[in-house]
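Here is a walk through one protein chain, from single residues out to the whole fold. Keep the model open beside the text as you read.

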Amino acid sequence: MPLPLKITGVGRYLPKRVVPSSEVELMCGVRPGWIEQRTGVKERRWANGETSSFMGAEAAKEAVKDAGLSFRDIDLILNASGTPEQAIPDTSVLIQRELGLGESGIACMSVHTTCLSFLVALDMASTMLACDRYRNILIVSADISSIALNFKQPESAALFGDAASAVVVTKTPEGESSGVHRALFETYSVGAHLTEIRGGGSRLPPQGAKTKPEDNMFHMEGPKVYRLARKHIDDFLERLRPGMSKDPGSVGLVIPHQASLLALRALRRNGFADDQVVITLDRYGNCVATSLPLTLYEAVKTDRIARGDEVMLAGTGAGLTLGAVILTY
């Protein structure tokens, strides 16, 4: 039986600053046209004074309104972001405060699995709703990665954008078909060093004598991440749903994490049709955990998803972690 989760509202916030790839090419010192050719990104948004909590709150306001609810109806705020606003307190607390709900008592907590944070939060929410722990859960992803890009590594620096997105999920009413059918996550920590920010924790604290400035910048070895994911993807799809590796068209619409042009092309190599896959990478770049709900928002608002449709949300996160959720919208 599917877990009774229904996505009742979606929202987003895009920073006002639009950054074309030509601007980033100057920062990276690469030739004109290199970024779009290598990454597929034409432009992205970068925060310009906005905080993660502000962006997340703006997305949350739209999602709650879209669900036909008020914040009095929300009893859990799940922050599902890969880039915390600060070490302490938890970013979900800051989002609640930004919403003017500081005296509300609404429970707040975070799920942090880098680019798969939203997907893990969605899976967690489905079990919480199934056991009636909560009624209406607000999941918010807000990521500002532009402040930690290393422009000496253009392959990764060229990819990332900033954005926020949110969804409201509730227990599916009797007689409706919405629900989570399958969820699978697998981690291969042999790839832990391939995508990382080494500084900021207890090993290399911000003011540590051994901490170098580059330790606080994002580092990714994209080709190695891709090869490790390719090594496991076929078996992963089979464990997610037997037969999928041979018949990927059976799953309906695919909303992937917008990791890179190479990763999106890999879906085609696995047999997913172009019109089956929703792509936002060209306009927004890789927005870390926000990429998945941001692409879901796009699919909903452009009528690529209708009530009763089956959808697969999938991607990879630092770790290396593979994750996917199949649901009926």
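Val 288 is buried, because its relative accessible area is 8% and the cut-off for burial is under 20%. In this predicted model, Val 288 sits in the loop between H9 and H10. Its backbone is worth a look. Phi of Val 288 is near 60°, a positive value in a residue other than glycine. Most residues other than glycine have a negative phi.

Asp 132 has a phi near 60° too, and is likewise not a glycine. Asp 132 belongs to the loop between helix H5 (117–130) and S6. Is Asp 132 buried or exposed? Its relative accessibility is 55%, so Asp 132 counts as exposed.

Now move to helix H10, residues 291–301, which holds Glu 298. Glu 298 has a relative accessible area of 15% and is therefore buried. Which residues does Glu 298 touch, beyond its neighbours within four places in sequence? They are Arg 12, Thr 280, Arg 283 and Tyr 284.

Val 278 lies in the loop between H8 and H9. At 2% relative accessibility, Val 278 is buried. Val 278 and Ala 299 are 21 residues apart in sequence, yet their C-alpha atoms are 6.9 Å apart. Setting aside neighbours within four places in sequence, the contacts of Val 278 include Leu 253, Val 254, Ile 255 and Pro 256. Thr 295, Ala 299 and Arg 304 are also among them.

Step back to helix H8, residues 261–269. Its buried residues are Leu 261, Leu 264, Ala 266 and Leu 267. An α-helix has 3.6 residues a turn, so residues three or four places apart point the same way. The cover over the buried residues of H8 includes helices H2 (34–39), H7 (222–240) and H9 (281–284), along with strand S11 (253–256). After H8 comes Gly 271, with a positive phi near 100°.

Helix H3 covers residues 52–66. At 1.5 Å a residue, its 15 residues should span 21 Å, and its end C-alpha atoms are 21 Å apart, so the two agree. Which residues of H3 are buried? Alanines feature here: Ala 57, Ala 59, Ala 60 and Ala 63 are among them. Just after H3, Gly 68 has a positive phi of about 75°.

Two peptide bonds deserve a check. Most peptide bonds are trans. The bond joining Ile 88 and Pro 89 is cis, with omega about 0°. Pro 89 is placed in the loop between strand S4 (76–79) and H4. The bond from Gly 319 to Leu 320 is cis as well, with omega near -10°. Leu 320 is in the loop between strand S12 (310–317) and strand S13 (321–328).

Finally, take the whole chain. It has ten helices and 13 strands. Its radius of gyration is 19 Å, close to the 20 Å that the globule rule gives for 329 residues, so the chain is as compact as a globular protein of that length. Buried residues make up 55% of the 329. Of contacts between residues at least 6 apart in sequence, 74% join residues at least 24 apart. The accessible surface comes to about 14500 Å², and carbon and sulfur atoms account for 52% of that. The chain has 36 positive and 37 negative charges, with mean positions 4 Å apart.

Terms used: Residues numbered from 1 in each chain as written. Predicted model: local features only at pLDDT ≥ 70, side-chain atom pairs only at ≥ 80, totals over all residues. Heavy atoms only, no water. Helix = DSSP H or I, 4+ residues; strand = E, 2+ residues; numbered from the N terminus. Rg over C-alpha atoms; globule rule 2.2 N^0.38 Å. Buried < 20%, exposed > 50% of the residue type's maximum accessible area, 1.4 Å probe, protein only. Contact = heavy atoms within 4.5 Å. Areas by Shrake-Rupley, 256 points an atom, 1.4 Å probe, with all protein chains shown as cover. Lys, Arg positive; Asp, Glu negative; His and termini not counted. Charge placed at Lys NZ, Arg CZ, Asp CG, Glu CD. Expected span 1.5 Å × (residues − 1).
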